[in-house]
Amino acid sequence: MAGTLGQSKRLEGIKVNVTGNNKLGIQYTTHCQSYGWLAWSSNGEESGTRGEAKRLEAIKIKLTGSDKDKYDVYYRVHAQSYGWLAWAKNGAPAGTSGYAKRLEAIQIVVVKKGEKAPELDYKGVYASKSVNSKLAYIEKKSEKIDIPGYEDKTNIMYKTHVQTLGWQKWVVNGMVSGTTGMAKRLEGINIKLSNKGCAGGIEYMTHIQSYGWEKKWKRDGEMSGTSGQAKRLEGIRIRLYGEMAKKYDVYYRVHAQSFGWLGWAKNGEESGTAKLAKRLEGIQVVILSKGSKAPSNNYGGIKSNKSVAFVTK
C-alpha cells in the first residue's frame, strides 16, 4: 500500500515503475482535481501535481512492452467516503469522477496473464473491514473519460498563469494556453514531458517585465516567471536536453500584444518581444521527431500574423 488511511490526506501525485523484466513497462494517467484526466505518463514519471494542493480522484494503469500480453496489472484505491474500492485491471479506471472525492491510498499488483485477481484482504490491507464497493470506479453518469495526449509517443504538457485568472488547466501538444482578445498578460508558465521514450527532458526560461531574461533555465515542470508580482512575460525560450534533444525538436509560438501570433521558434530560440513593453498573451508548444517539418503557419486553424518569432528594438 502507498498512501495513508484514516488521516484524511489526499494523494496529489504518483510515480509507477515495474522491474524484473526489461520487456515490460507501465503506463498510467490520473484524474486530477480541476484538471480532469492528464496526459499519459510512463515508467517512473510523475502524474498529478506538486505544490498545488490538488487531489487525485482516479487512475488508470496498463502494461506496455513486448511482454505486456503475458501479464495483468491489478490496482485498487482507497477513496474518500467510500473506503477501498474493487480491483481494476489493465487500463480500467479506479476511483471516482464527478464527486470531488480524494484518493488516499493505492495498491498495485502484476500477475501472470490469467491468474486469479488479488483477494479482498491483500498484503496486510483488510478491505473486508472497511466500507467497500463491488465497483472499482464510481462516476456521475454525465462524466466522460477523455484522456488528452498520445498513448504511443511523447506528450508535451504546459500551463500558464494568466492575469486575474490565475493558473489555467494543463494543455498538451500544440493546444493554446493563455488567452487571446482579452488583453491579459501571461505571468508564469510550467512545461513538462510525459510518456517519454528516452532519457532527458525539457527546460525553458522567460523574459520578465523589468527583470529581463531569467538567469537560470527551469526544468521539467518548474515554474518560470513570477506569481503575485503583476509582471508580464515578454519572451520565452524552450529547449530539450539529454537524449530527448538528440531525437526530438521542440517548436513554439506566442501571441504577443499588438502583434498577434508570431512565427514558430525552435530548440531554444527566442520567441516574443524585448524592449517593447509588450505582454505575451498565449502560447502553443509542439514536440516532433528530429528533422520533422516545422508546424504550418496555419497550425490548428490559427494563422501567424508575422513570420518572425521574436521582435525587438
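The model is predicted, so local features need pLDDT of at least 70 and side-chain atom pairs pLDDT 80 or more, while totals for chains, interfaces and linings use all residues. Residues are numbered from 1 along each chain, and side-chain values use heavy atoms, without hydrogens or water.

Strand β7 covers residues 56-64, and seven of its nine residues are buried, so the rest of the structure largely encloses it. Strands are DSSP E runs of at least two residues, numbered from the N terminus; buried means under 20% relative accessible area with a 1.4 Å probe, protein chains only. Strand β3 (residues 25-32) runs antiparallel to β7 and is joined to it by eight bridges; there, T30 stands opposite I59 of β7. With β11 (residues 94-97), β7 also pairs in the antiparallel sense, over two bridges. Pairing requires at least two DSSP bridges.

The structure contains zero disulfides, a disulfide being two cysteine sulfur atoms within 2.5 Å. Two cysteines are listed below.

| Cysteine | Relative accessible area | Class |
|---|---|---|
| C32 | 0% | buried |
| C198 | 15% | buried |

The largest pocket is lined by 18 residues, and E46, K192, D220, G221 and E222 lie nearest its centre. A pocket is an open set of 1 Å grid points where a 1.4 Å probe fits, with protein on both sides within 12 Å along at least five of seven lines; lining residues have an atom within 4 Å of a point. Strands β6 (46-48) and β20 (186-194) each supply at least two lining residues, and β20 gives the largest share, three residues.

How values were computed:
Buried < 20%, exposed > 50% of the residue type's maximum accessible area, 1.4 Å probe, protein only. Helix = DSSP H or I, 4+ residues; strand = E, 2+ residues; numbered from the N terminus.
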